[in-house]
Structure formats: structure tokens, C-alpha cells
Amino acid sequence: MAQTEKKGGLLRKSSASKKPLKEKVVLMYNEIFTTEDPSKCNPRFWEELFLMKVNLEYLEGKLEALDGEELMKIKDNVNCLFQHCIQALGEEHPIRVVNALQTLCALIRGVHQKNKSTSGFDIINMLVGFDKAELCMKNLMESLDSLLCAEGSESLKSLCLKLLLCLVTVTDNISQNTILEYVMINSIFEAILQILSSPLSRREHGYDAVVLLALLVNYRKYESVNPYIVKLSIVDDEPTLNGMGLVIAQALSEYNRQYKDKEEEHQSGFFSALTNMVGSMFIADADEKISVQTNEAILLALYEAVHLNRNFITVLAQSHPEMGLMTTPTSPVPTTPVTPLGTTPPSSDVISSAELPLDADVQTSNLLITFLKYSSIVMQDTKDEHRLHSGKLCLIILTCIAEDQYANAFLHDDNMNFRVNLHRMPMRHRKKAADKNLPCRPLVCAVLDLMVEFIVTHMMKEFPMDLYVRCIQIVHKLLCYQKKCRVRLHYTWRELWSALINLLKFLMSNETVLLAKHNIFTLALMVVNLFNMFITYGDTFLPTPSSYDELYYEIIRMHQNFDNLYSMVLRLSTNAGQWKEPASKVTHALVNIRAIINHFNPKIESYAAVNHISQLSEDQVLEVVRSNYDTLTLKLQDGLDQYERYSEQHKEAAFFKELVRSISINVRKNLAFNTLSQELLLKEFSTIS
């Protein structure tokens with residue numbers, strides 16, 4: 001304890017013969033840590049305390065050093081300090097307000113440390129006292145609400161948000177943080193929205209406000225009615241929703257920019273040869289901190305907005321210029337699109353110049369593009385647990401988007417074309433695509449590219465089965481929309497078909513290893529049914545009749561893989577083992593693919609024999625296909641264009657609980673002493689006497 005006092009409590013060293021002097025505030029803290037009422041001998045004690053510069057480290061350290069029993073002895077003084085802090089928040093003197101906010105941070109964090117080891121220890125009783133808790137917490141929340149909504153100091157607002165983040169994240173599992181019941185009853189939802197709707201407040205506090213909202217939405221979300229969920233789901237104010245989208249876009253684009261800088265740094269100069277040898281190892285290490293500390297929270301905010309609020313879907317397509325930021329993610333510089341969705345071509349959108357300088361060379365972008373680029377980075381490396389979680393959350397967000405009718409409308413809109421430069425994993429057998437050659441296409445093409453990229457690059461020993469299932473589901477949902485609305489998308493479908501066939505080949509090659517961990521027949525069935533979608537309904541959504549011919553060509557060309565798959569599932573479906581039922585489902589699903597192979601292969605062989613050709617060209621095979629459609633018989637398969645809608649509570653509750661715990665721990669770590677320091681605030685209020 002002496003060490004803490006020495007570290008946090010010294011004012012200056014005197015000669016060796018004298019004891020070091022302590023700051024007055026430390027002496028006053030020590031009085032609170034006795035069983036006596038500190039105001040008994042000094043009636044102005046509390047008034048004087050809030051004029052002293054807070055020593056956060058000392059106060060928090062002193063609280064942490066006490067055991068539960070010692071803390072209970074000074075409970076009355078702790079309650080008194082907490083109540084006087086709340087009173088001080090209503091004072092006109094800003095220095096008192098600042099000191100009260102910081103003292104509350106230290107009190108909440110210091111007392112909460114005791115909650116871990118002492119059974120029967122109640123945080124609310126220790127801080128406020130049961131009898132006064134309701135009124136005290138109501139006053140605290142009302143004061144914070146007033147400070148956040150007032151015209152006053154931005155630094156004060158920042159400290160209010162830090163206190164609220166401190167309050168929310170003191171426990172790893174936020175749903176066990178009973179003090180949050182009062183934050184539910186005395187909502188600050190409107191104050192958060194006001195910050196997001198104002199350009200100035202958003203620039204200063206948007207990041208903290210969005211993270212705070214994402215965490216509050218996750219408090220006991222499966223056990224009780226959470227007012228923040230209810231309110232977020234019905235927000236329809238355009239400036240507010242745009243503001244939230246801009247904060248998220250800014251944080252994600254900052255991550256993308258930092259990644260790109262690291263990538264360029266490693267690919268140039270002395271390290272280029274080494275980087276080529278070891279792939280993206282350095283890049284992954286360099287970006288780990290960014291991914292873990294900032295973006296899981298922002299991704300969660302994006303997910304909650306997309307999942308809960310249908311009006312937010314429009315924000316995904318709101319245009320803003322894409323540019324690298326010079327600021328850190330904690331103080332994003334947002335942009336405000338003022339052109340309503342779809343009123344002008346993306347390239348000539350009008351942007352509010354009050355918030356962002358325009359650059360003629362910068363391509364117009366939107367939140368969805370920024371998110372797709374971010375996803376293409378984090379989904380490259382799924383070996384690390386945090387990136388696996390981020391990759392999974394990206395796919396969950398895309399699942400929600402792929403199910404939404406309005407989202408699909410703008411994803412497939414031919415009048416909204418963009419160049420989306422996704423990050424592609426370095427691989428030996430393919431060249432790096434030149435950014436300049438990227439075509440301008442509807443956004444759904446970028447989503448499909450991202451899915452194809454994932455399918456191609458993650459066939460490995462540590463097979464991310466769950467992510468593959470989500471990938472295939474997203475593709476299926478997009479196809480269902482295209483079939484339903486008869487959208488003929490000009491996309492290189494052959495790349496998708498090739499990726500899917502290679503995936504089936506991988507599953508068969510690693511049957512023994514994979515079956516020890518996964519039911520690979522679920523995934524195989526989904527892949528086969530994607531082909532069945534194309535076979536059965538392809539004429540309604542494939543761009544041209546020749547695309548349909550190419551599908552048949554690809555199936556015939558790669559028939560060996562489908563033959564092998566049929567042999568494998570037939571073998572397992574005739575055995576009485578655990579895979580009998582799932583394997584037999586794949587057997588039945590292969591009926592039309594086998595019919596195509598068995599119908600066309602003899603015709604192709606006959607054509608080759610008659611014309612004395614040893615190896616047919618693609619055009620010759622296509623000619624055989626076109627001339628023999630009439631005699632092909634296929635079975636009608638039900639339910640190919642049906643899917644189960646995404647459900648968080650029944651399927652993903654465990655994942656989100658773990659994710660929110662991880663975010664809570666990271667937010668708490670980042671709320672270090674220096675972020676709660678008052679140097680800036682003292683400068684701001686230095687003119688006050």
C-alpha cells in the first residue's frame with residue numbers, strides 16, 4: 001500500500017531527514033478511508049474536496065487494496081462520497097463537475113474490484129446504500145443526461161461518456177452488472193441519439209456513443225425487455241441514422257486504411273522478398289491490435305443497427321467519399337450525405353462540404369462498401385480467435401442484409417454501380433488483380449466475390465465449417481431474391497461454380513479428418529442444392545441462355561467430382577452408421593446432376609467418335625448440350641427457393657454473450673487513467689476563477 005501512496009500521492013521529495021509531503025487531496029482521501037465522518041471536524045470538507053485535482057490512481061488503488069471486510073467498515077463514508085459526487089454534478093462551477101465525474105469513475109472501478117472475491121458483497125449497497133439507491137441513481141442519470149444534451153463543454157461530454165462506459169464495463173459479463181438496471185430505468189437513449197445527429201458532437205464523441213449504445217442493447221437482452229432494444233428498433237430520424245452510419249463507416253475505413261498502409265509497407269523495400277515467402281504473417285500481427293481493440297465493438301454496433309432497425313438498411317447505401325483519415329478511431333471525422341438514396345448517380349453525389357473536404361480523385365463510397373472491404377481483410381485469417389469472431393460477425397451481418405427486401409433492391413440495382421476493391425489473400429497459383437481493371441458493377445457482385453474468395457481460400461486442416469455454412473447460406477438467399485424478382489445479374493457465375501465444385505472435392509479428399517469434427521454432409525447438401533437452384537430456376541435469373549449452357553458444361557466437365565461424391569454418400573447411406581441419414585439426403589439431392597451427366601456424356605462421346613475427335617473443345621461440347629436439351633428428363637425438387645430466416649436468440653445467443661464479454665474487457669482496458677485525465681479540461685477551464 002505504501003508503494004501506491006508513494007507512486008500516486010507524492011507532491012515532492014524533501015531532504016532525507018524529513019518525511020515526504022503528501023498532496024492535500026491524498027490526505028483528504030485518507031480521511032474518507034477511516035470510520036469517522038470526515039465532515040465532523042471540517043464542515044466544508046466535501047466542498048473543498050471537489051476543488052482539488054483528483055488523483056485517480058491513488059483513490060482507485062486505495063479502494064482495491066482493501067479487503068471486503070475493511071471496505072464494509074467505511075461503507076458510510078463511501079456512500080457519502082458517492083452522494084456528494086452526484087450533488088456536485090449539478091453545480092455551475094465546471095471544475096467541481098469534472099472532479100466529481102472523475103471521482104465517480106475511480107469509485108465505481110475501485111469498489112467493483114471487490115465484487116469478484118467476496119460472496120454476498122453487493123455493489124449497489126456498497127456505493128450508494130440500498131435505501132438511497134433509486135433516488136441517487138435517478139439523479140446521477142438525469143445529471144449525465146443534462147450534461148450530454150447541454151450546449152456546454154465538449155470535454156465534459158467526453159468525460160460523461162467515459163463514466164458511462166466505465167459503469168457499463170466494470171463486469172466482464174455486463175448482464176451481471178446490477179447497477180445497469182438503473183441505466184435501463186433512467187434511459188439516456190435520447191442523449192446518445194442527439195450526439196449522433198449533431199455533426200460537431202458526432203465528430204468528438206460519436207465513437208464512444210456508438211460503442212456505449214451497442215453495449216447497452218446487449219444488457220440481459222434474452223431475459224427481459226431491454227428499453228434500448230425497443231427504442232433502437234423504431235428510430236426513423238434520418239440525420240440520426242446517417243450519423244450512426246457515418247461513425248461506423250469512419251471507424252471501419254480507418255482500419256482499412258491502416259491495413260493498406262501496413263500491407264504497402266511490407267510489400268516494398270528491403271522486406272518485400274521476405275514478405276512474399278511468409279505470406280501475410282506480418283500483416284496479421286500488425287493488425288491484431290486494431291481488430292481486437294476497436295472494431296469488434298463497432299461491428300457489434302453495425303450488427304445491432306442492421307438487425308434491429310429496418311430503416312438503417314437505407315443508410316448502408318448512402319454515398320460518402322472514401323478517404324483515408326488522419327485521426328484515430330476514437331475521434332472519427334464523419335461525413336454527411338445530403339442526397340437522398342437513388343436521386344443521382346453515385347459519382348455525382350453532393351456531399352456536405354462543411355464536414356469533409358472533397359478530393360476529385362476519391363471514389364464515392366458507402367458504408368456497405370467500407371464494410372465489405374473490412375470483411376475481406378478480417379476474413380482472410382480465421383486462425384486467431386478474435387478474427388474468427390469478427391469474421392463470423394461479418395457473415396451474420398451479411399446474412400441479415402441478404403434477407404432484407406430493400407437491401408436486395410439496392411444490392412441488385414443496375415443504376416448503382418461501384419468498383420469495390422476487396423482484399424485478396426496472396427496465393428501462389430493466382431496473380432494479384434490490378435485495382436484499375438475492376439469493373440463497375442451492382443454491389444451484389446462484390447458480396448458474391450467476397451463469398452467466392454472465402455470459399456477458395458479456407459480449405460485447410462482447421463476447417464471453419466460454421467463460416468462455410470454461413471457463406472453458402474448468403475449465396476442461397478441472394479439467388480432466392482434473384483429468382484423471385486427475375487433479376488438477371490451479369491456476373492461471372494463460372495467462378496462461383498468452380499469454387500463450389502472445388503469445395504466438394506476438398507470435403508471428399510479429407511473425409512476421415514473432417515468427419516471426426518463436422519457433419520460435412522450438411523455443407524455438401526447445401527452446395528449440391530445451390531447447383532439444383534441453378535439447374536431448376538437458372539432460366540429465370542441467369543443473364544443469357546449461353547450462361548445456362550455454361551452451367552451444364554461445367555457440371556459435365558467436372559463430372560468426376562460429382563460421381564465421387566455420389567459414391568461416397570451412397571457408401572455411407574447404405575451403412576447403419578451415424579451418417580446414414582445426412583448422407584442419404586445428399587444422395588437424393590444429386591438426382592438431377594447425375595441425370596445431366598448420364599444424359600450428356602454418352603452424347604458427347606458419340607459426337608467425338610463420329611467426328612473422329614479425341615478431345616472436344618468447349619464450343620463443341622456446348623453444341624452437343626444445346627442440341628440435346630429436348631430429350632433430358634429432370635425431377636422437380638421442392639423447397640429449393642425456401643430458407644430459414646436468421647434468428648439470434650435461438651441460434652446465436654452463446655456467440656453474442658461471449659463476443660460482448662470480450663468487447664467489455666477491451667473497452668475497460670482502454671479506459672486507462674490517461675483517458676480519464678483532466679489536463680485538457682483544466683486548460684479549457686483555466687480562465688475560471
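These are my notes from a look through one predicted model.

**Whole chain**

I started with the overall make-up. The protein chain has 34 helices and 6 strands. I then checked burial: of its 689 residues, 55% are buried. Taking contacts with a separation of 6 or more, 78% are between residues 24 or more positions apart.

**H27 against H30**

Next I picked a helix pair. H27 covers residues 545-557 and H30 covers residues 591-610. Their axes sit 9 Å apart, and the packing angle is about 85 degrees. Angles from 65 to 115 degrees count as roughly perpendicular, so that is how H27 and H30 lie to each other. Which residues make the contact? From H27 I noted Tyr552, Ile555 and Ile556. H30 brings Ile593, Ile596, Ile597, Phe600, Asn601 and Ile604. I sorted the residues of this contact by type and got 8 nonpolar, 1 polar and no charged.

**Methionine 460**

Last, I went to a loop residue. Where is methionine 460? I found it in the loop between helix H22 (443-457) and helix H23 (465-485). Leaving out residues up to four places away in sequence, methionine 460 touches Thr382, Lys383 and Phe506. I also checked methionine 460 against asparagine 510: they are 50 residues apart in sequence, and their C-alpha atoms are 9.5 Å apart in space.

Key: Residues are numbered from 1 along each chain as its sequence is written. This is a predicted model: local features need pLDDT of at least 70, side-chain atom pairs count only at pLDDT 80 or more; totals for chains, interfaces and linings use all residues. Side-chain values use heavy atoms; hydrogens and water are left out. Axes are lines fitted to C-alpha atoms, for helices over the stretch in contact, and angles run from 0 to 180 degrees between N-to-C directions. Helices (H or I, at least four residues) and strands (E, at least two) are DSSP runs, numbered from the N terminus. Angles under 35 degrees count as roughly parallel, over 145 as roughly antiparallel, 65 to 115 as roughly perpendicular and the rest as oblique. Contact means heavy atoms within 4.5 Å. Ala, Val, Leu, Ile, Met, Phe, Trp, Tyr, Cys and Pro count as nonpolar, Asp, Glu, Lys and Arg as charged, and the others, Gly among them, as polar. Buried means under 20% relative accessible area, exposed over 50%, partly exposed in between (1.4 Å probe, protein chains only).
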